[in-house]
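Trainee: Hi! Could you walk me through this model, one piece at a time?
Mentor: Happy to, let's open it up.

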Amino acid sequence: MPMAMKQILGSICAGLMLALPAAAVEFDQMVVIGDSNVDIGRLSAEASSPEDGIIPPPNTIAGRSSDGEILPEFLAERLGVPQLNFGWGGATSGVGNIVARRGMPDAKNTGALMQMDEYLSSLGEGGTANPDALYLIYAGSNDLALINKTDQAAVDAAILQAVENLKELARTLDERGADYIVIANRTPRPVLSDTYVASDEPDEEAKNDAAGRQLNTYIYWMVEELNEELDAEVRLFDAYYYIRDLIENSGENGFEAYSPSPDQYCTNAPDCTRLINYDAAHKTSAVHEILAQKLYYLLETFDTPAN
């Protein structure tokens with residue numbers, strides 16, 4: 001399986017790395033559901049008053065899990081469209097939020113499935129999703145966050161549940177009339193792995209990344225399945241691949257030669273412009289800007305222009 005997956009992902013990513021023209025699909029909105037990779041401020045705003053019973057609304061702008069703007073902001077600007085961003089730092093792909101246990105009880109039920117409920121409520125009863133919008137789903141990483149990576153059965157169970165939740169999100173959008181859905185995968189952890197199953201990784205510190213690679217394999221298969229099943233077009237955004245490429249070429253591509261050491265985290269550095277890791281789980285704004293560019297190019301692969 002590892003060699004087969006390397007060949008599959010290598011072929012896909014090589015194709016996506018080709019120079020592409022500007023996105024042909026003329027979107028008029030971007031709807032975002034996910035975790036800290038796309039949260040532009042809800043968690044940060046909640047942290048300032050964690051027990052007041054008030055949930056920060058979508059599109060709340062405050063602190064991010066980075067040193068500046070992040071992917072959805074860069075992409076919305078590139079597309080020239082407004083975003084409707086439901087993202088929450090700490091959100092799982094399901095109902096819960098892993099940060100809620102850290103003294104933020106109001107954030108308990110802010111997972112991706114609950115964010116979808118928020119979106120559906122905004123449409124009104126029986127309302128139709130905007131067919132000319134881009135729908136970005138970026139969740140699943142936090143489903144693994146609290147799992148013991150040495151317990152392969154627990155990793156397997158968490159991944160299978162995350163995939164079912166992601167399917168539900170995509171199916172719900174499709175049922176409501178969405179045409180263009182992008183699902184992103186988990187980003188690399190600082191200590192990298194080259195295995196596709198956590199139990200195959202001998203380095204304890206790299207097992208987290210290995211578990212993420214296993215999740216990403218299932219997300220790849222899931223997207224293939226959804227494209228067969230749904231009327232909507234679904235695309236995989238392979239954030240993992242693009243960040244690994246930045247890491248492997250660091251020192252020559254404008255980024256500082258990579259090290260997994262916390263000394264090279266943005267949170268511990270006076271200048272983050274040439275760093276990749278913001279902290280142990282997130283990337284710098286410089287990386288987010290590159291990811292937005294890659295995602296912009298991916299949109300060219302949608303078959304039928306909107307409008």
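**A helix and its neighbours**

Mentor: Let's start with Trp 221, which lies in helix α7. Helices (H or I, at least four residues) and strands (E, at least two) are DSSP runs, numbered from the N terminus.

Trainee: Before we go on, what kind of model is this?
Mentor: This is a predicted model: local features need pLDDT of at least 70, side-chain atom pairs count only at pLDDT 80 or more, and totals for chains, interfaces and linings use all residues. Residues are numbered from 1 along each chain as its sequence is written, and side-chain values use heavy atoms, with hydrogens and water left out.

Trainee: Thanks! Is Trp 221 exposed, partly exposed or buried?
Mentor: Trp 221 has a relative accessible area of 35%, so it is partly exposed. Buried means under 20% relative accessible area, exposed means over 50%, and partly exposed is in between (1.4 Å probe, protein chains only).

Trainee: New topic: how many salt bridges does the structure hold?
Mentor: There are ten salt bridges. A salt bridge is a side-chain nitrogen of Lys or Arg within 4 Å of a carboxyl oxygen of Asp or Glu. One of them is between Glu 225 and Lys 167, at 3.3 Å from N to O. Glu 225 lies in helix α7 and Lys 167 in helix α6 (residues 152–175), so this pair ties together parts that are 58 residues apart in sequence.

Trainee: And which residues are linked with those two in a network?
Mentor: Glu 164, Arg 171 and Glu 229 are linked with Lys 167 and Glu 225 in a network of salt bridges.

Trainee: What does Asp 194 form a salt bridge with?
Mentor: Its partner is Arg 244, and the closest N and O atoms are 2.9 Å apart. That pair links distant parts of the chain, with Asp 194 in the loop between β4 and α7 and Arg 244 in helix α8 (residues 239–248), 50 residues apart.

Trainee: Can we do strands now? Why is strand β5 largely enclosed by the rest of the structure?
Mentor: Strand β5 covers residues 233–237, and five of the five are buried, so the rest of the structure largely encloses it. Glu 233, Arg 235 and Phe 237 point one way, while Val 234 and Leu 236 point the other way.

Trainee: In which sense do β4 and β5 pair?
Mentor: Strand β4 (residues 180–184) pairs with β5 in the parallel sense, over five bridges. Two strands pair if DSSP finds at least two bridges between them. Val 182 stands opposite Arg 235 in β5.

Trainee: Last one: which cysteines does a disulfide join?
Mentor: Cys 266 and Cys 272, with 1.9 Å from S to S. A disulfide is a pair of cysteine sulfur atoms within 2.5 Å, and by that rule the count comes to one. The link is right-handed, with 85° about the S-S bond. Cys 266 counts as buried at 5% relative accessibility, and Cys 272 counts as buried at 11%.
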